[in-house]
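Good morning, everyone, and thank you for making time for this.

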Amino acid sequence: GTTPGNTAAAVDFYNYFFIGERDRLISPPISLQGFTNAVLEFQHAYARRSTTMTDSLIVYVSDDCGTTWTKILSAGEDGNGSLATHPNTGSYFVPEVPEDWCMAGWGASCFALDLTPWAGQSNLKIAFETYSGFGNPLYIDNITISQYVGQLENRQDEVDFRVYPNPTEGSFTVEWDQSGSYNRLSLTDHLGREVYQVPVSASVKKMVVEKQKDWSPGIYIIRLSGNGNNALKKLIIY
């Protein structure tokens, strides 16, 4: 992907034995307590191996520990980039450049799936299910759940604070234009868990946050809130 790192989850359809085989990657329990809306986003890379067949990606949500599941995505390739992020290739597909992924280049855009029906609940599970068409590998990376509808990169003009460096090894600086704008800074991980929070003094408009030992590499959401204001920005830790 475009973020630091060179690993991703993958399903190797190319070396499956049967058409129709299914596999699932199931998340640990996820809390959306305190959320009024939520979106599930992830990056994927896929190229169809044959023009006559397609592999499929299905995404489910469960709010009862996996007893029942609600389908929120069922995607296959129609030849026009409905799932594939690279043109058909009969050879073994491995994404090598950012354009091979959903956020750039040919084919499908990245998926943003609405989780608002489950906002406020505390024990959700997400399942990524694959259906084999005996095709090319499917790759998934940078899974995030956040409380805005996937438009942060397209709304930089509405984000009234700055974060640097970003990406970062862990420590970062947050700076905004006017003191007294906020009274709280928090950091949320990709599962929606708040991993850091600190009060913001009315006299400051710049804060340095040091890396905490329990922060692992990934995508986080920085939130500045209070005094009638609320602002979000994505942070990448590598």
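**A walk through the chain**

Let me begin at one spot on the chain: Met 53 sits in the loop between strand S3 (39-46) and strand S4 (56-62). Please keep in mind throughout that what you see is a predicted model. With a relative accessible area of 33%, Met 53 counts as partly exposed, and together with Ile 19 and Phe 134 it makes a nonpolar surface patch of about 260 Å².

Stepping back to the chain as a whole, we find 15 strands and zero helices. Of the 238 residues, 45% are buried, and the accessible surface comes to about 11,800 Å², with 48% of that belonging to carbon and sulfur atoms. Among contacts with a separation of 6 or more, 73% are between residues 24 or more positions apart.

Now to the interior. In soluble globular proteins, nonpolar side chains tend to be buried together. Here the largest nonpolar core has 24 residues, and those with the most contacts inside it are Leu 32, Leu 40, Phe 42, Leu 115 and Ile 126. Two or more residues of this core come from each of S3, S4, strand S5 (70-76), strand S6 (111-114), strand S7 (125-131) and strand S8 (138-146). If we take Ile 126 and leave aside its neighbours within four places in sequence, its contacts include Leu 25, Leu 40, Val 59, Trp 69, Leu 115 and Ile 145. There is also a second, separate core, which has 20 residues, among them Val 174, Tyr 196, Met 207 and Val 209.

Let me turn to the aromatic residues, where a search of the whole structure finds seven pairs. In one of these, the ring centres of Phe 172 and Trp 215 are 6.3 Å apart and the planes are at 25°, so the pair is stacked. Phe 172 lies in strand S10 (residues 172-176), while Trp 215 lies in the loop between strand S13 (206-209) and strand S14 (218-226), so the pair ties together parts that are 43 residues apart in sequence. Phe 172 is buried, at a relative accessible area of 1%, and Trp 215 is buried too, at 4%. By contrast with that stacked pair, the rings of Trp 176 and Tyr 182 have planes at 85° and centres 5.8 Å apart, so this pair is edge-to-face. One aromatic cluster is formed by Phe 172, Tyr 196, Trp 215 and Tyr 220.

The last topic is charge, and the search of the whole structure gives four salt bridges. Which residue does Glu 129 meet in a salt bridge with closest N and O atoms 2.7 Å apart? One partner is Arg 22, and because Glu 129 lies in strand S7 and Arg 22 in strand S2 (residues 22-26), that pair ties together parts 107 residues apart in sequence. Glu 129 is buried, with a relative accessible area of 6%. It also forms a salt bridge with Arg 24, again with the closest N and O atoms 2.7 Å apart, and Arg 24 is partly exposed, at 38%. Elsewhere, the side chains of Arg 162 and Asp 177 meet in a salt bridge at 3.1 Å, N to O, linking strand S9 to the loop between S10 and strand S11 (184-188). Asp 177 counts as exposed, at 54% relative accessibility. To return to Glu 129, salt bridges that share partners join it with Arg 22 and Arg 24 into one network.

Technical notes: Residues are numbered from 1 along each chain as its sequence is written. This is a predicted model: local features need pLDDT of at least 70, side-chain atom pairs count only at pLDDT 80 or more; totals for chains, interfaces and linings use all residues. Side-chain values use heavy atoms; hydrogens and water are left out. Patches are made of residues with over 30% relative accessible area and no salt bridge: like charges are joined within 9 Å, nonpolar side chains (Val, Leu, Ile, Met, Phe, Trp, Tyr) within 5 Å. Accessible areas come from the Shrake-Rupley method with a 1.4 Å probe; for residues, only the protein chains shown count as cover. Helices (H or I, at least four residues) and strands (E, at least two) are DSSP runs, numbered from the N terminus. Buried means under 20% relative accessible area, exposed over 50%, partly exposed in between (1.4 Å probe, protein chains only). A nonpolar core is a set of buried Ala, Val, Leu, Ile, Met, Phe, Trp, Tyr and Cys residues joined through side-chain atoms within 4.5 Å. Contact means heavy atoms within 4.5 Å. Rings of Phe, Tyr and Trp (its six-membered ring) pair if their centres lie within 6.5 Å; planes under 30 degrees apart count as stacked, over 60 as edge-to-face and the rest as tilted.
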